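Let's take a walk through a protein fold, one piece at a time. Have the picture open while you read.

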Amino acid sequence: NISSAKDIGWKCITTNVSDLICSGSENIISFTVGLVLPPSTNWKWVEKLYEGMCEAMKEFGGEIIGGDCTAGEKKMISITAIGEMDQTRLHRGNAIPGDFIVSTGFHGLSRLGLALLTSEKLPSDAKISPQLASKAIKAHKRPYPAIKALKALIASKPESTKWRAAGTDSSDGLIESIRGICYSSNCQAVLSKASILKDPLWPKDSNWNEWVLNGGEDYELILSLPKEWAEALSTKLKSAKIIGFIKKGKPNI
């Protein structure tokens, strides 16, 4: 096992919290937990699983209000997250030509963490610093949803700008998240290679770009915003950066 029961519990909650955040919900209310376990499962594992869930709820809010538990051949966990949302609605179908695309943080770390934990062959022989390795493993085991980014998005909206923002998280990868916005909004995206966010310790070798673009499980917000709002957010939130723009055209495959 590459993750402890506590880490799995944390990740089960936080990945669902990320789904709420990328819809525009900053008020996390509750969760239901569906659990399937082999009869041979050690009870201590179950306790640690719920400890990890509780740690995440203490950090992001919410409580477990119900669920179900049954026996099965394999361990399976199903979480339903409930949150509250008002005008801060984010939807992949809200992008229009002229919008700027903003990423709220680095990509590729979780994919590197998975590779290190499973002793997978790396894209090249580039040296990985202990600091980068530690960050990457933490990003994979203990993802941190972009709640601060959502709050900064709300706070940075210019008064003259109406609420219209397209957004999703990058759980399926940076490129896939942008592709989802383009398909839902019937438009195209142009990205700046020089603007793609990488950790300062990330290897310079271009072979590593694939994990940055398509690695997945990074849980940053990917947003399509009016120009003034995008610029205001990138000023207010240190980790946010404009990485491209939306243009008219049919989405590319």
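Which residues does isoleucine 13 touch, not counting residues up to four places away in sequence? Keep in mind as you look that this is a predicted model.

## Isoleucine 13 and the cores

Here is the list: isoleucine 13 touches Phe31, Met53, Ala56, Met57 and Ile79, once residues up to four places away in sequence are left out. Isoleucine 13 also belongs to the largest nonpolar core, which has 39 residues. Along with Leu153, Leu221, Leu223, Leu225 and Leu233, Ile13 is among those with the most contacts inside that core.

Where do the residues of this core come from? At least two are supplied by each of α1, β1, α2, α5 (147-156), β7 (221-225) and α8 (227-236). Apart from this core lies another one, made of 23 residues, with Leu109, Leu132, Cys182 and Trp211 among them.

## The three-stranded sheet

Now look for the open sheet of three strands, which runs in the order β2-β1-β3 and has mixed pairing. β2 (63-71) and β3 (76-84) stand at the edges with a single partner strand each, so one side of each has no neighbour in the sheet. From one strand to the next, the twist averages 10°.

Strand β1 (residues 27-37) and β2 run parallel, joined by eight bridges. If you'd like one to find, phenylalanine 31 has isoleucine 64 in β2 as its bridge partner. Phe31 is also one of the residues that isoleucine 13 touches.

α1 touches β1 and β3, and its direction makes about 40° with that of β3. Helix α2 (residues 43-60) touches β1, β2 and β3, with its direction at about 170° to that of β1.

## The five-stranded sheet

There's another open sheet to trace, this time with five strands in the order β5-β7-β4-β8-β6 and antiparallel pairing. At its edges you'll find β5 (166-169) and β6 (188-191), each of which pairs on one side only. Ignoring direction, neighbouring strands of this sheet are turned by 25° against each other on average.

Strand β4 (residues 100-103) is a handy one to follow. Four bridges join β4 to β7, and the two run antiparallel. β4 also pairs with strand β8 (residues 241-247) in the antiparallel sense, over four bridges. Take serine 103: its bridge partner in β7 is isoleucine 222, and serine 103 stands opposite lysine 241 in β8. Valine 102, for its part, has leucine 223 as its bridge partner in β7. Leu223 is a name you've met already, as one of the residues with the most contacts inside the largest core.

Last stop: helix α4 (residues 130-141). Its 12 residues reach 16 Å from the first C-alpha to the last, close to the 16 Å expected at 1.5 Å a residue.

Which residues of α4 are buried? They are Leu132, Ala133, Ala136 and His140. These residues sit on the same side of α4, because they cover an arc of only 100° around the axis. There's a handy rule behind this kind of pattern: an α-helix has 3.6 residues a turn, so residues three or four places apart point the same way. On the other side of α4, Pro130 and Lys138 are exposed.

What covers the buried residues of α4? The cover includes α1 (5-21) and α3 (109-118).

Technical notes: Residues are numbered from 1 along each chain as its sequence is written. This is a predicted model: local features need pLDDT of at least 70, side-chain atom pairs count only at pLDDT 80 or more; totals for chains, interfaces and linings use all residues. Side-chain values use heavy atoms; hydrogens and water are left out. The expected span of a helix is 1.5 Å times one less than its number of residues. Buried means under 20% relative accessible area, exposed over 50%, partly exposed in between (1.4 Å probe, protein chains only). The arc is that of the directions from the helix axis to the C-beta atoms. Contact means heavy atoms within 4.5 Å. Two strands pair if DSSP finds at least two bridges between them. Axes are lines fitted to C-alpha atoms, for helices over the stretch in contact, and angles run from 0 to 180 degrees between N-to-C directions. A nonpolar core is a set of buried Ala, Val, Leu, Ile, Met, Phe, Trp, Tyr and Cys residues joined through side-chain atoms within 4.5 Å.
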